[in-house]
Amino acid sequence: MLYGRRSGHRLRPARRRLLEELLPRLAIRPEEGRMLDPVGLFGDRRPLWLEIGFGDGAHLAAQAAAHPDIGIIGVEPFVNGVAALLARITREGLDNVRIYTDDARLLLAALPDASIARLFVLFPDPWPKRRHHKRRIVNRETVAAFARVLEPGGELRLATDDPGYARWMLEALLAEPRLDWLAERAADWRQRPADQPPTRYEGKALAAGRRPVHLRFRRL
Ligand SMILES: C[S@@+](CC[C@H](N)C(=O)[O-])C[C@H]1O[C@@H](n2cnc3c(N)ncnc32)[C@H](O)[C@@H]1O
């Protein structure tokens, strides 16, 4: 389900056309109660990466361009973000992206065990108020799902500029025995991985003087 249809109505006609014509060709729609067949996504057994909450798609498109042999699934329920990614896909001629336009938890439930080689959750909505913590996309249940869908040796990358959410994430991640934190020194969580392009929210955080935290975990 795509959210933000009201703002979607204000989309430029070219972007609206992308939603009507290109999205149906790239959209993933798992059948209810059935697991997704990863081979069916691109027609081969290429490694799959997953980005949850891709926002304007800048990071996802840059990764797809830099890794043409990887298939990248992007999850984003907001229509303006989906339209922005579709525009990048067209502009850059990317053919290794698929899109899921609903809640990431529904897609996670439909992904087979050990089907994802790398998973990104970059600057998820922090929901800082205590009564909203239950809305956070990173929690013990989703961390267990991340561990289940990641293949052995696969990597989970998260980032946030909210110190409370960083602590919350770490608590959930360190409690998951199938995941191993790759940090050895402070620089490992203070610096974005060198092969990871910045996201829009990361730019905003840095401009506002906030220091993002980058977390990398390996699936054991
Ligand atoms: C703060 S923005 C960050 C966007 C992007 N990752 C960045 O760093 O610029 C969080 C994004 O997560 C998306 N999002 C929120 N809830 C989600 C969910 N349940 N499943 C997937 N994406 C979700 C939002 O629509 C939004 O685009």
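How many nonpolar, polar and charged residues does the shell around the ligand have? In this predicted model, the shell divides by class into 11 nonpolar, four polar and five charged residues. There are 20 residues around the ligand, and those that come nearest are G53, G55, F123, T199 and Y201. Helix α11, which covers residues 200–207, contributes three residues, the largest share of this shell.

Turning to the fold that carries this site, the protein chain has 11 helices and seven strands. Its radius of gyration is 17 Å, close to the 17 Å that the globule rule gives for 220 residues, and the protein chain is therefore as compact as a globular protein of that length. The C-alpha trace, followed along its principal axes, spans about 45 × 40 × 35 Å. Of the 220 residues in the protein chain, 32% are buried. When contacts between residues at least 6 apart in sequence are considered, 78% of them join residues at least 24 apart.

Helix α6, formed by residues 79–92, has 14 residues, and the distance from its first C-alpha to its last is 20 Å, close to the 20 Å expected at 1.5 Å a residue. Just after α6 comes G93, whose phi is positive, at about 60°.

Terms used. Residues are numbered from 1 along each chain as its sequence is written. This is a predicted model: local features need pLDDT of at least 70, side-chain atom pairs count only at pLDDT 80 or more; totals for chains, interfaces and linings use all residues. A residue is near a molecule or strand if its C-beta atom, placed from the backbone, lies within 6 Å of it. Helices (H or I, at least four residues) and strands (E, at least two) are DSSP runs, numbered from the N terminus. Ala, Val, Leu, Ile, Met, Phe, Trp, Tyr, Cys and Pro count as nonpolar, Asp, Glu, Lys and Arg as charged, and the others, Gly among them, as polar. The radius of gyration is taken over C-alpha atoms; the globule rule is 2.2 Å times the number of residues to the power 0.38. A residue is buried if 20 or more other C-beta atoms lie within 10 Å of its own, exposed if 12 or fewer, and partly exposed in between; C-beta atoms are placed from the backbone. Two residues are in contact if their C-beta atoms, placed from the backbone, lie within 7 Å. The expected span of a helix is 1.5 Å times one less than its number of residues.
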